[in-house]
Amino acid sequence: MTALPDTLDHCLAPAKLNLFLHVVGRRPDGYHLLQTAFRLLDWGDRLSFVRRADGRIRRLTDVAGVREDDDLVVRAARLLQAATGCTLGADIAIDKRLPMGGGLGGGSSDAATTLMALNRLWATGLDRARLQALGLQLGADVPFFIYGRDAFAEGVGERFQPLELPEAWYVILSPGVAVPTGEIFSAGELTRNTEPIKIADFAASTTRNDLQPVACKRYPEVAAAIDWLAQHAPARMTGSGACVFAQVDGEADAKRIVQTCPARWQAWSARSLSRHPFFDTVG
Ligand SMILES: C[C@@](CO)(OP(=O)(O)O)[C@H](O)COP(=O)(O)OP(=O)(O)OC[C@H]1O[C@@H](n2ccc(N)nc2=O)[C@H](O)[C@@H]1O
Ligand SMILES: Nc1ncnc2c1ncn2[C@@H]1O[C@H](COP(=O)(O)OP(=O)(O)O)[C@@H](O)[C@H]1O
């Protein structure tokens with residue numbers, strides 16, 4: 001029998017892009033029904049975990065503006081303890097690199113990496129479906145990161161079909177404004193009746209992000225960032241924003257565009273990631 005590791009260092013919590021996002025309806029509880037294509041990026045936060053015997057969950061690093069008890073990482077660890085009755089704990093360090101509230105799913109990805117890492121460190125043995133169900137209690141994007149590969153998603157973003165996409169390079173731009181997800185979804189002007197598409201039609205369909213016009217009208221910097229990036233390649237908002245992205249011709253092209261980004265915004269280049277690093281560790 002192989003010994004259990006007691007430490008997992010520098011685990012990636014990758015960013016995601018919503019290549020498109022259609023709002024196709026609304027549930028009776030007010031949550032919106034979506035269709036979206038999630039793409040993993042080889043760029044993200046890094047988390048390190050050390051098992052503790054005393055059951056305590058400690059966050060070792062500050063995350064700006066997020067109290068320890070509210071941190072999705074801490075909440076994910078406590079949820080896994082509660083779901084499994086596990087009496088072990090963990091020290092968790094977060095190297096935060098993704099802009100928060102940017103539509104890149106950083107908090108959700110941190111939570112997903114925590115669930116998968118601690119499921120290993122604690123040998124709690126939950127399968128992928130159980131981890132995804134736990135993750136959904138923390139946020140609509142968490143199950144996707146546990147699914148661990150590019151996906152066509154429906155429902156509130158928790159029902160998946162695999163997508164095989166060619167490797168690609170992206171430029172991601174943060175326009176330096178915070179766009180509250182709840183405000184965009186509750187906007188009167190949001191269209192909620194886009195005709196559903198089939199996964200087979202995804203490549204051929206004309207897609208868009210239905211949240212983008214609402215965010216652009218209320219936050220003109222988002223529109224300005226899209227206009228700037230669109231000089232180089234077709235540009236679009238990810239999720240509920242505020243970040244925008246464009247697929248470009250390769251690494252050199254991406255780095256060149258990043259260097260010319262106006263100083264008031266931040267820009268990054270990133271490559272797609274075909275599988276989450278934890279993909280093979282959950283059944
Ligand atoms: C839009 C997406 C697309 O991937 O990503 P982000 O841009 O946040 O990364 C997600 O659906 C974001 O899901 P999630 O991360 O759970 O959203 P939250 O911040 O919890 O949602 C804030 C509020 O937005 C509304 N909301 C959210 C998701 C949804 N499908 N319908 C909704 O109506 C709800 O009122 C909710 O209380
Ligand atoms: N570990 C975490 N990292 C980022 N955000 C967190 C974390 N824990 C809680 N949050 C909260 O979740 C919110 C959404 O964060 P994030 O997932 O990065 O954005 P988005 O859902 O727009 O992609 C943040 O504004 C923050 O208040």
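Biologist: Which element gives the largest share of the shell around ligand 2?

Modeller: The largest share comes from H2, with four residues. Helices (H or I, at least four residues) and strands (E, at least two) are DSSP runs, numbered from the N terminus. The model is predicted, so to speak of local features one needs pLDDT of at least 70, and side-chain atom pairs count only at pLDDT 80 or more, while totals for chains, interfaces and linings use all residues. Residues are numbered from 1 along each chain as its sequence is written, and chains are lettered from A and ligands numbered from 1 in the order in which they are written.

Biologist: How many residues surround ligand 2, and which are the closest?

Modeller: There are 17 residues around ligand 2, and the closest are Leu72, Gly101, Gly106, Gly107 and Asp110. A residue is near a molecule or strand if its C-beta atom, placed from the backbone, lies within 6 Å of it. Two or more residues of this shell come from each of helix H1 (72-84) and helix H2 (106-121).

Biologist: How do those residues divide by class?

Modeller: The shell around ligand 2 has six nonpolar, eight polar and three charged residues. Here Ala, Val, Leu, Ile, Met, Phe, Trp, Tyr, Cys and Pro count as nonpolar, Asp, Glu, Lys and Arg as charged, and the others, Gly among them, as polar.

Biologist: Now ligand 1: which residues are the closest?

Modeller: His32, Ala140, Gly182, Phe185 and Gly239 are the closest of the 20 residues that surround ligand 1. Strand S1 (7-26), strand S2 (32-52) and helix H5 (181-186) each give two or more residues to that shell. By class, the shell around ligand 1 has six nonpolar, 13 polar and one charged residues.

Biologist: Which domains does the shell around ligand 1 draw on?

Modeller: At least three residues come from each of domain 1 (7-163) and domain 2 (169-271). These bounds come from an automatic or database domain assignment.

Biologist: How many residues of the two domains are in contact?

Modeller: In domain 1, 24 residues are in contact with 28 residues of domain 2; contact means that the C-beta atoms, placed from the backbone, lie within 7 Å. On the side of domain 1 that touches domain 2, the largest share, ten residues, comes from S1.

Biologist: And how do S1 and S2 run?

Modeller: S1 and S2 run antiparallel, joined by 14 bridges; strands pair if DSSP finds at least two bridges between them. One example is Pro14, whose bridge partner in S2 is Gly44. The hairpin has five residues between the strands, and Gly30 takes a positive phi near 95° there.
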